[in-house]
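Hi,

Here is the structure I promised to pass on. Have a look at it first, and then read my notes below.

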There are 2 protein chains.
Amino acid sequence: MPSRFERIDAGLMRWRADDIPWMMVSMFSLAALPPESIMTNPQKTFEVLCQQFRDASLIESAAELLEWDERTGMPSGGGDFRARQVSHLRGLVHEKKTSPKIEGWLSELDGWDEAVEPNEPIGATIRLLRKDFEKQRKLPQDLVEAIASATVRGQGSWERARRADDYSQFQPALDEMISLQRQAGQTIAEPGQTPYEALLNEYEPGAKVDHLTQVFADLRKDLVALVDEIQGRPRKAAPLLDQKFPVAAQKSLSRKLAEAIGFDFERGRLDETSHPFCTTLGPSDCRILTRYEESFLPTSIFGTLHEAGHGLYEQGLPQDWYGLPPGQYASLGIHESQSRLWENLVGRSHAFWQHFTPLMRSTFPSLLGDVTTDQLHTMFHQVQPSLIRVEADEVTYNLHILVRFELEQALVSGDLATDDLPTAWADLYESTIGIRPPSAADGVLQDVHWSAGLFGYFPTYTLGNLVSAQLFDSAQSAISDLDGSIAKGEFGPLLDWLRANIHCHGRNFTPDELVQNATGRPLSAGPLMGSLRGRYLD
Amino acid sequence: MPSRFERIDAGLMRWRADDIPWMMVSMFSLAALPPESIMTNPQKTFEVLCQQFRDASLIESAAELLEWDERTGMPSGGGDFRARQVSHLRGLVHEKKTSPKIEGWLSELDGWDEAVEPNEPIGATIRLLRKDFEKQRKLPQDLVEAIASATVRGQGSWERARRADDYSQFQPALDEMISLQRQAGQTIAEPGQTPYEALLNEYEPGAKVDHLTQVFADLRKDLVALVDEIQGRPRKAAPLLDQKFPVAAQKSLSRKLAEAIGFDFERGRLDETSHPFCTTLGPSDCRILTRYEESFLPTSIFGTLHEAGHGLYEQGLPQDWYGLPPGQYASLGIHESQSRLWENLVGRSHAFWQHFTPLMRSTFPSLLGDVTTDQLHTMFHQVQPSLIRVEADEVTYNLHILVRFELEQALVSGDLATDDLPTAWADLYESTIGIRPPSAADGVLQDVHWSAGLFGYFPTYTLGNLVSAQLFDSAQSAISDLDGSIAKGEFGPLLDWLRANIHCHGRNFTPDELVQNATGRPLSAGPLMGSLRGRYLD
């Protein structure tokens, strides 16, 4: 019989922590770094610099756990205190990451020959920490505070406006936010850069608006044509989808899918939440969360594959560099490329469902007992133009982004006044997607982003889709019979290719460099269109 | 259909945090305190002092969450980093709580007339923070570090020794620990106090060894007689206990029991773990954890009631004073009295099971469909002297503690050498409990406490049992027909009485004062013996 010891004693050991202060001395802090005065060489300076960020990551990841917990199981009464905990810890992280000591260490490291390679871990670390630090220093504290406070107010007024379906309630906050973000963009812009591009580069380092504009224009033309073509054909019905799929079985399926594609459950978890996400709480603790809808099976299947894709990237980043640039993801677009690759390129492929048809049959014997791979493929390839981005299918989704990309550029440049935004939004939806929103709530008020000051963020979604397809295309060339492997449930070759071409590089390269190096060409719309046409027109 | 928005956007919002440093400015830190120079009056100084400890509690409770998570669901690979996170945060807490600024604030508050009442919140706060601070200052840093490091080594060697059933592998670490703890006790002892009493007072402020020795002697005499008397009678069998109780049903039962006695699930959670405990992560976030054994139903029932009792205390502490003495528990003994009161005095009572017999029948229809209250009472009142403290029943449990209390005093005073400990242990077990341990693993090596430097800790278990019975006794006098209320499932009157007499006072009174004020008399063995005789001899 397991002993009772553990119960009572463990409980008391817990309270005890409060009581005997001398027991609480951090063992970690005992292993002190050498005093700064005896730092005689760059290697030591570099270690101290890294330690500063590693320490920050210890606190930052605790804040991430606080937020994970808030969204998985915190009692409802805990909200106020939790907000203060997170805020306090994030404040400590901010202090650590912006400490004036960093500047001194960085200048000691000027010209260190170990740091000469800009894309090797040491060189990249110093280069990127310097870049981050300089950008930070450019931003005046009053602007930082104004943005922080406008963000809180902006989200509040956006929520109220959306609930009331009344754009005018949000417009003043939006005006203020645009003006602040424009200032921030101007402040951090490099010579020759527009404020919008500077904002975009916060999420997508090195991305050029000109290049994006051109790629997105190609994509728009091809997508509009594809949507027309799909809509001109008889719609393939998927009656099996309109059933109730027990949540317990969905959970077991989700775990098996995540495990199958390589998500490491020794170094991660899969949980349930109302708003799925992926968060990393340490070099070997990545948490993905998904949502289960009894009446819509794809939510959990593709939600899990999406988050597991994010998780595979996080689990593939160099652990030894956790908290430092070589251990960080390259950009939001690259992160999204990893989730979309597993969700769409792999997870919607015929080969994938060829392998998993038996699992679907056995998981839902009374609902899908005789399902065929073709039926599953049809179930997961439904297209229908709609008003709401986040409900959009894989094909029309990017059109929603292209509308926003165009509008937010005009808002930041001042070419579009917020007075004219609702009409401009409706016009663009009509010309791009073919539907005019009947209300602000279903139109310009549908997204949280602008209220939170996120300008230059939307394009990263479509970048993720484009990159995912271009990477998958190259992986198919590099790996012999990749489709055949997938059809056998062998995902290792693909994951290894991603590890070697994307994951292992952390933030050492820009997204454009990663794409160029991995695929041998700059980003274009071709591979995504090829994949969509292949899967939706067959 | 719930929108897809939440999934993908929430995910990206998460990663974003890393990317836009100016968003991360803590809103909390913006609400800055006035600079110290303009602190012109004690009220302001008091607020700054309190803020220092409130800030510490924001970090400390994050460390508690890290540990809670470690014991509920952290992926196995996350252990190393988690240890560093906890250690780092605890180091920050230690820094905050021992900042030299505190001394200055405390001396500014000397003689402040708002603080004149030592047991009112303000007076108690200043008095106890001063006491904590002065004790801390007495301890030399090298002793603190030696103890921290001996604790880590001590637990390691204890684990190895226990696994090998070889006391000699643990003895050197034990010698070192005793010597260090003796030094610590000498250092913090008040005039006229023995080192052992000083150590005891770390867990049980104000407790006197002389008084304890006398109460424990009475208890021992009476318990030995009671055990003899019970063993002289025919044993009541409880065959219904020897069944497999499905864990899912036990979980539902545990939640209902915790809810029934008043544990607030808006401000707390009940989870499963292998080593049950109770932890508090904020003024409205108390987590209790229990364990389910299919083949031993009482584990979860009494484990849950025990932890819920701890939880009720935590939930009853003044929320506004969270992180400060008026919001802290009074002592380990008082904490344990709350868990034991609900576990044993309430949870094993005939009245309790009178109310819950129908629930037991409906929860386990095929196993306990016809169970009677008397049968349940018998199931939960089994007595059998045994070797292992943590497996001991309610009656013999305290005898195990009395043995340890006697031995650890002799170890700290030097009257007992560790060479002679195994024999002394075995002799005392034989004379007190009537069994001689056949091995060190089942004898002197069974507890973690001494290896972790916890001397003076064991008596708090028995103190908890004694206090629980004396409080319950007084509650019965104060509340008309308490048994009748319990038999109707009405626990509010008892909880209200505990809130008013114990919980609301936090740490403002010593345990002895709390007991005297609540029960009108000093602690004695009588009430516990009365309860045990009443329930075990009927």
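Helices (H or I, at least four residues) and strands (E, at least two) are DSSP runs, numbered from the N terminus.

Some housekeeping: residues are numbered from 1 along each chain as its sequence is written, while chains are lettered from A and ligands numbered from 1 in the order in which they are written. This is a predicted model, where local features need pLDDT of at least 70, side-chain atom pairs count only at pLDDT 80 or more, and totals for chains, interfaces and linings use all residues.

On confidence (pLDDT is the predictor's confidence in each residue, from 0 to 100), chain A has a mean of 92, with 93% of its residues at 70 or more. Residues 1-34 of chain A fall below 50, though this stretch has 73 contacts beyond near neighbours in sequence (a contact means C-beta atoms, placed from the backbone, within 7 Å). Where pLDDT is low, the predicted coordinates should not be read in detail. For the complex, the predictor gives an ipTM of 0.87 and a pTM of 0.89.

Now the helices. In chain A, H17 (residues 394-413) and H19 (residues 459-478) have axes that come within 8 Å and cross at roughly 140 degrees (axes are lines fitted to C-alpha atoms, for helices over the stretch in contact, and angles run from 0 to 180 degrees between N-to-C directions). H17(A) and H19(A) are therefore oblique; under 35 degrees counts as roughly parallel, over 145 as roughly antiparallel, 65 to 115 as roughly perpendicular and the rest as oblique. H17(A) passes H19(A) in a left-handed crossing. Asn398(A), Ile401(A), Leu402(A) and Phe405(A) of H17(A) make the contact with Pro459(A), Tyr461(A), Thr462(A) and Asn465(A) of H19(A).

Between the chains, H3(A) and H3(B), both residues 42-70, have axes that come within 10 Å and cross at roughly 65 degrees. That makes H3(A) roughly perpendicular to H3(B), and this crossing is left-handed too. Ala62(A), Leu65(A), Leu66(A) and Asp69(A) meet Ala62(B), Leu65(B), Leu66(B) and Asp69(B) there.

Finally, chain B has an open sheet of 3 strands in the order S1-S3-S2, with mixed pairing (two strands pair if DSSP finds at least two bridges between them). S1(B) pairs with S3(B) (residues 286-290) in the parallel sense over 5 bridges.

Cheers

Note on methods: Left-handed = near helix turned anticlockwise from the far one by under 90°. Contact = placed C-beta atoms within 7 Å.
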